[in-house]
Amino acid sequence: MELTPPGPRGIPPLFARLVDDSALFPPGDASMPDALRSHLETRAGEHAGVLGLFLCQASRLPELITELIKIRPKTPLPLSLIIDTGLGGVPKAISIVESRNELLALRMVEMPAPSDVDEVWLERVSEFVPEDVVRVVEPRRGVGWLDGVRNVIEHGSWPKIRCGGLSSENFPSIDEVADFLAVVSNVQGASFKATNSLHRAVRHTDPESGVEHHGFLNLLVAAARCLSGKDVRDALASTDGAALAREARELSEPAAKAVRSLFASYASATFDEPIGDLRELGLL
């Protein structure tokens with residue numbers, strides 16, 4: 001499903017609508033007025049074709065709508081609704097969004113899964129979320145995690161992988177990311193979303209925490225290799241930005257689109273950093 005209109009000419013297919021806007025979430029924690037102002041400015045800017053959806057918590061919908069009424073955007077805001085009110089709160093949240101369709105265009109609903117990712121819970125997700133809206137479910141890493149990922153896919157939702165966070169425990173290992181890619185790519189037509197700590201293109205060590213951060217370009221190249229039967233772990237571990245950029249640049253248009261069909265998008269609290277890295281690497 002195409003979530004937003006195609007990006008402007010000049011944006012390579014590998015990066016079109018790649019970056020969803022999570023400015024409201026840590027580490028950005030932007031205010032609603034600032035987050036919306038920045039998002040709308042970006043949507044009208046040079047690299048608008050890289051920008052995906054605006055992410056907002058269900059609990060903050062009234063605040064979002066209040067600000068949009070003030071702004072009066074020319075077109076409805078493409079929205080991913082992050083469910084922070086529990087599964088039972090989904091119908092009400094969706095009803096609120098749909099009642100303001102002049103302001104909001106619901107494209108995606110995202111939520112964390114319970115620890116066991118049981119079928120009854122997943123069926124309720126399918127019942128609550130309209131068919132034309134993408135459902136994204138995040139299984140918790142741990143024992144049986146990959147079984148949960150399979151269950152999410154089998155019930156017609158996208159699994160989400162959290163690539164970092166406020167503590168080192170939130171960062172999956174290279175092996176865990178590779179195993180996740182193997183599971184998702186093994187199902188015809190399956191897609192996934194990534195989130196957290198993917199602001200930079202290339203794998204690096206954070207100078208303050210000393211924690212290794214995954215790079216979104218690493219993940220794109222790893223997805224390409226996963227689809228072509230090449231070394232995924234080496235791509236995830238690489239810190240050679242030039243080599244990763246070269247490999248990304250050499251993908252044919254059909255190969256790039258296949259990669260993005262698998263790795264659909266990721267959430268970033270900043271847009272300037274990923275754009276800056278892509279430009280520095282000669283990819284934009």
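Trainee: Which residues does Asp20 touch, not counting those up to four places away in sequence?
Mentor: The list is Gly52, Leu53, Leu55, Lys193, Ser265, Tyr266, Ala267 and Ser268. Touching, or contact, means heavy atoms within 4.5 Å. Keep in mind that this is a predicted model, with local features needing pLDDT of at least 70 and side-chain atom pairs counting only at pLDDT 80 or more, while totals for chains, interfaces and linings use all residues. Residues are numbered from 1 along each chain as its sequence is written, and side-chain values use heavy atoms, with hydrogens and water left out.

Trainee: With which side chain does the Asp20 side chain make a polar contact?
Mentor: With that of Ser265, at 3.3 Å. A polar contact is a pair of N or O atoms within 3.5 Å; within protein, one must be able to donate a hydrogen and the other to accept it, and residues adjacent in sequence count only if both atoms are side-chain atoms.

Trainee: Is Asp20 buried or exposed?
Mentor: Buried, because its relative accessibility is 2%. The cut-offs are under 20% relative accessible area for buried and over 50% for exposed, with partly exposed in between (1.4 Å probe, protein chains only). Asp20 belongs to strand 1, residues 19-21. Strands (E, at least two residues) and helices (H or I, at least four) are DSSP runs, numbered from the N terminus.

Trainee: OK, zooming out. What do the eight strands close into?
Mentor: A barrel, in the order 1-2-3-4-5-6-7-10, with parallel pairing. On average, neighbouring strands are turned by 30° against each other, direction ignored. Two strands pair if DSSP finds at least two bridges between them. Axes are lines fitted to C-alpha atoms, for helices over the stretch in contact, and angles run from 0 to 180 degrees between N-to-C directions.

Trainee: How many bridges join strand 4 to strand 5?
Mentor: Five, and the two strands run parallel. Met108 sits opposite Val134 of strand 5 there.

Trainee: Why is strand 5 largely enclosed by the rest of the structure?
Mentor: Because five of its five residues, 134-138, are buried. Val134, Val136 and Glu138 are on one side, with Arg135 and Val137 on the other, so both faces are covered.

Trainee: And Ala105, what does that touch?
Mentor: Beyond its neighbours within four places in sequence, Ala105 contacts Pro76, Leu77, Pro78 and Leu79. Ala105 is in strand 4 and is buried at 12% relative accessible area. Leu53 is 52 residues from Ala105 in sequence, but their C-alpha atoms are 9.7 Å apart in space.

Trainee: Which strands does helix 3 lie across?
Mentor: Helix 3 (residues 90-99) lies across strand 3 (77-82) and strand 4 (104-112), at about 160° to strand 4. Helix 10 (residues 253-262) also packs on the sheet, touching strand 7 and strand 10 (263-268), and makes about 60° with strand 10.

Trainee: Last topic, the whole chain. How many helices and strands does it have?
Mentor: Eleven helices and ten strands. Of its 284 residues, 51% are buried. Among contacts with a separation of 6 or more, 73% are between residues 24 or more positions apart.
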